[in-house]
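Me: I would like to learn how to read a structure like this one. Please take it feature by feature.

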2 protein chains.
Amino acid sequence: MTIRDVARASGVHVSTVSRTFSAPHLVNAETRARVLAVAEELGYRPNRAARALTTGRTHNIGLIVADIANPFFPPLIKAAQSSARERDYHLFVADTDEDPAVEEELVLAFSKQVDGVILCSPRLSNKALDKLAERVPFVLVNRRLRGVATVLMDVAQGARSAVEHLAALGHRRVALVSGPAGSWTSGEIKQAAAEVPGVELVVIGPNAPTEQAGIRAAAAVAEAGVTGVLAYNDLVAIGLIEGLAERGVSVPEDVSVVGIDDIVPGRLNRPKLTTVAMPTADAGRLAVELLIQSVTASTTLETKLVVRESTAPPKGLT
Amino acid sequence: MTIRDVARASGVHVSTVSRTFSAPHLVNAETRARVLAVAEELGYRPNRAARALTTGRTHNIGLIVADIANPFFPPLIKAAQSSARERDYHLFVADTDEDPAVEEELVLAFSKQVDGVILCSPRLSNKALDKLAERVPFVLVNRRLRGVATVLMDVAQGARSAVEHLAALGHRRVALVSGPAGSWTSGEIKQAAAEVPGVELVVIGPNAPTEQAGIRAAAAVAEAGVTGVLAYNDLVAIGLIEGLAERGVSVPEDVSVVGIDDIVPGRLNRPKLTTVAMPTADAGRLAVELLIQSVTASTTLETKLVVRESTAPPKGLT
DNA sequence: AACCCTAGCGCAACCGGTTGCAATGAAATA
DNA sequence: TATTTCATTGCAACCGGTTGCGCTAGGGTT
């Protein structure tokens, strides 16, 4: 079913059919109705790839994340997909397996096929990103880069309010179970957490951003003489809680634990995790929005502390 | 950067450049090397959309799931993406929000832009699916349909071994917290669970496939006089465990609980959930494979019981 | 009555590739 | 030496749309 079939069947030129779909006001109402009827009848749909060839707009967006199966990303992907679809865009999704080389390759591979790419927490160097920015518009999520549209989530503020929450409960010595060595996010967290007055911060790490790492970190936490912990993310926090339980220290009775991200497993965990909720869905929506409108803006989304069951006043104060 | 730029810069005709990329054996090694060098230099990459126009192969695949954020799907999406990429395919991902109309619209919207569509647990009627099958090749996951490639996961067998596991532990009266009313899967589970000799099955439901539904079902389970439970899925199982805890009945001491799916939150839950692992990653990989090879086959993947901490012998037998 | 506008539509070139066919020339065969 | 064969490359049509331009005819102006 091509545009020519429809043209033939409705007795008009292909250009008229084309305009019926892409510039309806340029064609007589009567003709338009007839063409639409015939198109419907034949089950015709414009071929978007062909259209892209002349218009230069594919109506596709590429979304690149480190790991689709990491519970942090699906809400972002879902939101991005949904707002893309609302505006008649389709979404390519790809997974880099945490490999910067794959990341670069993906952007390049997508470049001709999309109107823009959303890169989440890219591992690429600034220079590499600048290079890529010449080839395809993109927006960065969780990474700041001069001259490129960015959507940030304010982890720093989140980390600060997490530690403040612990301080308010009466904790005076708090551990930070930090993230991977090179991580920008981990740096932000550390800096913000250290700023909170009235609490002494013990940094434990670096650690991999996994449950296993959390379990392993439990030993160090138990020996650090702290009553509260801020973990790099929820996965680590959950692992930590498990590791602590194995050593007979219970949360939140003996130690309070705060995570970051607010992923689903944390909400289902027992005790339910107190955590810093990241507005991932908003970030996904916004990234799509920025891309489609092609505005180069740097946005920071607020994070929010969600107090659940893994934090309580320290023992002495109960 | 188009093929003509490369042709000009390397002093050959566009067709030679084209062949350099899509049929290298047809061009002299020396010429090929020169063209490749120039292409590299210019950063040229063939435009896949343009290529698709003549070849009819887009090298794109559409993946449609009910809910991207449902922990069941991400591993499938990830695996599909990864095997697609291995074969130089790109993956569109879309979310139907559980709406059959959206599902149909998506397939249609994708049809011209992909070589095939993977439909996971479609809600569409057989007739509607048959209709769609005329327009675009697809493979169904978790749904059987004559004449269409399908990838099934053997829930029936899984449910059976779950109940057998409970029976082997000594449970004689087991509740099935069933799924939504119309669900094919729920029917399969019920039938298979009922077949296991030596255990009396109490069906509780229908229920929504959510944690909340599990919490609500706890009352009925507590009153059913059972020592073991098979839940429609892990989410329900987790909710159930929480609901039971609220009533003072603990898992697995008082009641054993088995879930289905093996999603991440279940693995992190405490107690760690005994569950029927669905080979979602395999399903994703296989679906891509079938699509690319365009083989119309019906495959059934085995499920596997994973015994963790939420099951134990009933109280009297300990 | 001569003239201008405009709505509606057709014409044809073009987007960036692919591919069947023909032309070329060198190597191989008779 | 004449004739094939084959590897290599160019030519041009084509994939399915879009769009600037030009033509036509009906309506409005003066």
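Reply: This is a predicted model. A polar atom of the side chain of A:Asp95 lies 2.8 Å from the backbone nitrogen of A:Asp97.

Me: Is A:Asp95 buried or exposed?

Reply: Residues under 20% relative accessible area are called buried. A:Asp95 has 4% relative accessibility, so A:Asp95 counts as buried. Setting aside neighbours within four places in sequence, its contacts include A:Val65, A:Ile68 and A:Leu106, and also B:Lys78 and B:Gln81 of chain B.

Me: Now a helix. How is its length checked, say for helix H3 of chain B?

Reply: Compare an expected span with the distance between the ends. Helix H3 of chain B covers residues 29–42, which is 14 residues, and at 1.5 Å a residue it should span 20 Å. The end C-alpha atoms are 20 Å apart, which agrees.

Me: Which residues of H3(B) are buried?

Reply: They are B:Thr31, B:Val35, B:Val38 and B:Ala39. Looking down the axis of H3(B), the buried residues fall within an arc of 100 degrees, so they line one face of the helix. That buried set packs against H1 and H2 of chain B.

Me: What does the face of H3(B) turned away from the buried side carry?

Reply: It carries the exposed residues B:Glu30, B:Glu40 and B:Glu41.

Me: And what is found at the ends of H3(B)?

Reply: Take the N-terminal end, which B:Asn28 caps: a side-chain oxygen of B:Asn28 lies 2.7 Å from the backbone nitrogen of B:Glu30. After H3(B) comes B:Gly43, with a positive phi near 70 degrees.

Me: Next, the DNA. Which residues come nearest to DNA strand C?

Reply: There are 27 residues around DNA strand C, and the nearest are A:Thr16, A:Thr31, B:Ile3, B:Ser18 and B:Arg51. Of the atoms of DNA strand C within 4 Å of the protein, 57% belong to sugar and phosphate.

Me: Which element gives the most to the surface near DNA strand C?

Reply: H4(B) does, with five residues. By residue type, that surface has nine nonpolar, 13 polar and five charged residues.

Me: How does DNA strand D read?

Reply: Of 28 residues around DNA strand D, the nearest are A:Ile3, A:Arg4, A:Ser18, A:Arg51 and B:Thr31. Sugar and phosphate make up 56% of the DNA strand D atoms within 4 Å of the protein. A backbone N or O atom of A:Ile3 lies 2.5 Å from a phosphate oxygen, and a side-chain N or O atom of A:Arg51 is 2.3 Å from one. H4(A) supplies the largest share of the surface near DNA strand D, five residues.

Methods
Residues are numbered from 1 along each chain as its sequence is written. Chains are lettered from A and ligands numbered from 1 in the order in which they are written. This is a predicted model: local features need pLDDT of at least 70, side-chain atom pairs count only at pLDDT 80 or more; totals for chains, interfaces and linings use all residues. Side-chain values use heavy atoms; hydrogens and water are left out. A residue is near a molecule or strand if one of its heavy atoms lies within 4 Å of it. Helices (H or I, at least four residues) and strands (E, at least two) are DSSP runs, numbered from the N terminus. Ala, Val, Leu, Ile, Met, Phe, Trp, Tyr, Cys and Pro count as nonpolar, Asp, Glu, Lys and Arg as charged, and the others, Gly among them, as polar. The expected span of a helix is 1.5 Å times one less than its number of residues. Buried means under 20% relative accessible area, exposed over 50%, partly exposed in between (1.4 Å probe, protein chains only). The arc is that of the directions from the helix axis to the C-beta atoms. Contact means heavy atoms within 4.5 Å. A polar contact is a pair of N or O atoms within 3.5 Å; within protein, one must be able to donate a hydrogen and the other to accept it, and residues adjacent in sequence count only if both atoms are side-chain atoms.
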